[in-house]
Amino acid sequence: VKTQGRHGYCFYAPEMSQRSVASQRIENVLRHALVHGELSLQYQPKVDARLGHIVGAEALLRLQVDGQDLFVPDQFIPVAEDTGLIVSIGTWVLREACLQARRWQREGRAIPVSVNVSPLQFQYAGFYERLDSILNETGLDPSLLELELTERTMMTGGDGTIRLLRRIRQRGVRLSLDDFGTGYSSLSYLKHFPVDALKIDRAFVRDITQDAETAAITSAIIAMARSLNKDVIAEGVETEVQSAFLREAGCSQMQGFLFGAPMPAESLEQRLAEQTA
Ligand code: C2E
Ligand code: CA
Ligand code: CA
Ligand code: CA
């Protein structure tokens with residue numbers, strides 16, 4: 001940078017150092033949060049597309065102090081990935097979600113909980129062993145745990161990835177392909193990846209009522225996934241019109257603000273209690 005001379009240096013340097021200052025700050029906040037218990041999970045309901053009742057929940061990470069978000073996941077997850085912190089954060093998330101699901105299982109309100117897994121976390125040596133020991137340690141029925149992985153995660157590991165996915169499924173844990181449609185999304189991958197479900201990305205859901213092509217593609221994805229015996233979950237459902245379209249197209253589950261935003265565990269518990277009352 002120095003050899004670029006004064007002008008180049010002045011033009012590029014401030015912006016670059018600002019970016020790294022911001023991510024440095026997030027990194028510090030994350031390290032502090034891990035040690036001081038400032039990470040928490042919220043749970044977003046997944047509902048049955050036809051009956052509307054809660055059939056599961058996705059655990060979503062929060063970095064809050066006094067109820068206020070310091071940063072949102074789209075800000076801190078990339079930093080956690082870049083710094084490798086995601087490995088310990090991801091382990092914390094997995095254990096915390098399993099503990100919560102186990103509590104619900106004990107209280108007779110067993111619902112499957114989905115946990116997001118980052119590429120680095122998934123490829124880190126010992127992922128399976130860690131998952132296995134968390135399941136043993138918490139005593140959670142493995143069928144009450146689902147891992148959400150993106151295509152990016154599944155694409156980067158080669159043959160080893162498929163073997164790992166199979167092992168996880170043999171342990172009884174469900175697998176779902178997150179953000180479907182945003183990545184390389186060749187439909188033929190679906191045949192190779194041993195997943196139970198796919199989640200149609202919010203970007204499709206947002207546009208189905210505005211754009212006939214998106215609607216057609218979305219319907220085709222759902223039909224194809226169903227013919228391969230995969231569950232299809234739509235995420236980011238915000239309106240009745242979207243919900244009706246997706247139900248007609250054959251989605252089995254839905255998730256979105258229309259049915260409930262991510263909420264603390266106690267609030268989800270209350271919703272579960274109301275629906276069984
Ligand atoms: P995601 O896995 O696709 O999660 C769905 C995101 O959409 C969540 O954002 C959720 O709050 C938001 N959302 C749900 N319903 C609606 C809706 O109707 N409309 C709109 N506009 N948004 C909706 P959130 O919690 O901010 O998380 C963002 C992303 O951060 C997640 O996307 C996921 O990729 C990542 N993330 C969150 N928690 C974790 C975690 O524990 N581990 C890892 N590795 N990634 C996480
Ligand atoms: Ca997800
Ligand atoms: Ca998603
Ligand atoms: Ca996403």
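## Ligand 1 and its surroundings

Ligand 1 has one of its oxygen atoms 2.7 Å from a polar side-chain atom of Arg-202. The model described here is predicted. A nitrogen atom of ligand 1 lies 2.9 Å from a polar side-chain atom of Ser-118, and an oxygen atom of the ligand is 3.2 Å from an N or O atom in the side chain of Glu-58.

In total, 21 residues surround ligand 1. The closest are Arg-62, Ser-118, Arg-202, Glu-238 and Phe-257.

## The calcium ions

The calcium ion (ligand 2) takes its protein donors from four residues: Glu-58 (OE), Asn-116 (OD1), Glu-148 (OE) and Asp-178 (OD). These donors lie 2.2 to 2.3 Å from the ion, and their spacing along the chain is E-x57-N-x31-E-x29-D. Within this set, Glu-58 in strand β2 (residues 54–65) and Asn-116 in strand β4 (residues 113–116) bring together distant parts of the chain, 58 residues apart. Glu-58 is buried, because its relative accessible area of 5% is under the 20% limit. Asn-116, with a relative accessibility of 29%, counts as partly exposed.

Asp-179 is placed in strand β6 (residues 174–180).

Strands β4 and β5 run parallel and are joined by four bridges. Strand β5 (residues 145–150) is mostly covered, with six of its six residues buried. Leu-145, Leu-147 and Leu-149 point one way from the strand, whereas Glu-146, Glu-148 and Thr-150 point the other way. On its pairing with β6, β5 again runs parallel, here over five bridges, and Glu-146 stands opposite Arg-174.

The pairing of β6 with β7 is likewise parallel and has three bridges, with Ser-176 opposite Ala-197 in β7. Strand β7 (residues 197–200) directs Ala-197 and Lys-199 one way and Leu-198 and Ile-200 the other way, and all are buried. Between β7 and β8 there are four bridges in the parallel sense, and Lys-199 stands opposite Ile-233 in β8.

## Helix α11

Which residues of helix α11 (residues 240–249) are buried? They are Gln-242, Ser-243 and Leu-246. Viewed down the axis of α11, the buried residues fall within an arc of 100°, so they line one face of the helix. The face turned away from this buried side carries the exposed residues Glu-240, Val-241 and Glu-248.

The buried residues of α11 pack against α9 (202–207), α10 (212–227), β8 (231–234) and β9 (253–254). Strand β8, one of these partners, is also the strand that pairs with β7. Just after α11, Gly-250 adopts a positive phi of about 110°.

## Glu-27 in helix α1

Glu-27 belongs to helix α1 (residues 5–36). With a relative accessibility of 15%, Glu-27 counts as buried. Its side chain makes a polar contact of 2.8 Å with the side chain of Arg-31. Leaving aside residues up to four places away in sequence, Glu-27 touches Val-79, Thr-83 and Leu-85.

Notes: Residues numbered from 1 in each chain as written. Chains lettered and ligands numbered in written order. Predicted model: local features only at pLDDT ≥ 70, side-chain atom pairs only at ≥ 80, totals over all residues. Heavy atoms only, no water. Helix = DSSP H or I, 4+ residues; strand = E, 2+ residues; numbered from the N terminus. Donors = N, O, S within 2.8 Å, 3.2 Å for Na, K, Ca; no water. Buried < 20%, exposed > 50% of the residue type's maximum accessible area, 1.4 Å probe, protein only. Polar contact = N/O pair within 3.5 Å; in protein donor to acceptor, adjacent residues only side chain to side chain. Contact = heavy atoms within 4.5 Å. Pairing = 2+ DSSP bridges. Arc of directions from axis to C-beta. Near = heavy atom within 4 Å.
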